[in-house]
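Open the model in your viewer and get ready to select. This tour goes stop by stop.

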Amino acid sequence: MMRDNGRMAETVAFGSVPTKLGDVLAAVTETGVVATSFNDGPDVRARIAGRVGLAVADDPARTAGARRELEAYFGGDVREFAVTVDWRLMSALQRQVLGTLYTTVPYGQVVTYGELAARSGTAVPARGIGSIMGSNPIPIIVPCHRVVAGNGLGGFSGGDGVESKRWLLTLEGHLPPTLDWDL
């Protein structure tokens, strides 16, 4: 951590985990996981650091918990993340909707866009809920893949799009595996 006027300045540290969907990246501040990405690389890290507005720290110990839980999740051994979430990249409305998702839709279950709109107590229509899911800075841990359309899976902006969503929902047991998938 760097000093800023005699006090410690906050930083962001990065760590990634190889998964079947790619190298999943976790960005962790002193507060908690602030962002995740289905891809790791210098450009992704720079974009996240810029959004967070913090200097980057090389701190594998800080990212160890998130990396361990992501690895266990993708291995089928974790159903609920215990890492602390840093909600700073979300507006109050995003925080309300995504926070409702985070606390009320457990592993292996789904909710429709309209149901999440009602459950969150916002006046956001289902289409707006879809936009909020697409802007989720912490996918997987804040499980936007568990929000589906009333008539199918709906969209997904993470990883390889809807195929990544289908893979995650299959991992969680909500969808049956296909013959060509190795979870």
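Start with threonine 11: its bridge partner in β6 is alanine 55. The model you are looking at is predicted.

**Stop 1: the sheet**

Select strand β3, residues 11-19, together with β6. Three bridges join the two strands, and they run parallel. The open sheet has four strands in the order β5-β4-β3-β6, and its pairing is mixed. Which strands stand at the edges? They are β5 and β6 (55-57). Each has a single partner strand, so one side of each is left without a neighbour in the sheet. Strands of a sheet pair through backbone hydrogen bonds, either parallel or antiparallel.

**Stop 2: the hairpin**

Select β4 (residues 22-29) and β5. Here four bridges join the strands, which run antiparallel. Find alanine 27: it stands opposite alanine 35 in β5. Three residues lie between the strands of this hairpin. In the hairpin, glycine 32 takes a positive phi near 160°. Is β5 (residues 33-37) mostly covered or uncovered? It is mostly covered, with five of its five residues buried.

**Stop 3: helices across the sheet**

Show helix α1, residues 42-52. It lies across β3, β4, β5 and β6, at about 145° to β3. Next, show α2. This helix also lies across β3, β4, β5 and β6, but α2 runs at about 25° to β3.

**Stop 4: a buried aspartate**

Go to aspartate 86, in the loop between α2 (60-74) and α3 (92-104). Its relative accessibility is 4%, so aspartate 86 counts as buried. A polar contact of 2.8 Å joins its side chain to that of arginine 88. Leaving aside neighbours within four places in sequence, the contacts of aspartate 86 include Gly32, Val33 and Ile138.

**Stop 5: two packed helices**

Select α3 and helix α4 (residues 113-120). They pack at an angle of about 100°, and their axes are 9 Å apart. The two helices are therefore roughly perpendicular to each other. Colour Gln96, Val97, Thr100, Leu101 and Thr104 in α3, which meet Leu116, Arg119 and Ser120 in α4. The residues of this contact divide into three nonpolar, four polar and one charged.

**Last stop: an exposed asparagine**

Select asparagine 151, in the loop between β8 (147-148) and α6 (162-171). Why does asparagine 151 count as exposed? Because its relative accessibility is 75%, and exposed means over 50%. Finish with a distance: the C-alpha atoms of asparagine 151 and isoleucine 129 are separated by 16 Å. Along the chain, these two are 22 residues apart.

Notes:
Residues are numbered from 1 along each chain as its sequence is written. This is a predicted model: local features need pLDDT of at least 70, side-chain atom pairs count only at pLDDT 80 or more; totals for chains, interfaces and linings use all residues. Side-chain values use heavy atoms; hydrogens and water are left out. Buried means under 20% relative accessible area, exposed over 50%, partly exposed in between (1.4 Å probe, protein chains only). A polar contact is a pair of N or O atoms within 3.5 Å; within protein, one must be able to donate a hydrogen and the other to accept it, and residues adjacent in sequence count only if both atoms are side-chain atoms. Contact means heavy atoms within 4.5 Å. Axes are lines fitted to C-alpha atoms, for helices over the stretch in contact, and angles run from 0 to 180 degrees between N-to-C directions. Angles under 35 degrees count as roughly parallel, over 145 as roughly antiparallel, 65 to 115 as roughly perpendicular and the rest as oblique. Ala, Val, Leu, Ile, Met, Phe, Trp, Tyr, Cys and Pro count as nonpolar, Asp, Glu, Lys and Arg as charged, and the others, Gly among them, as polar. Two strands pair if DSSP finds at least two bridges between them.
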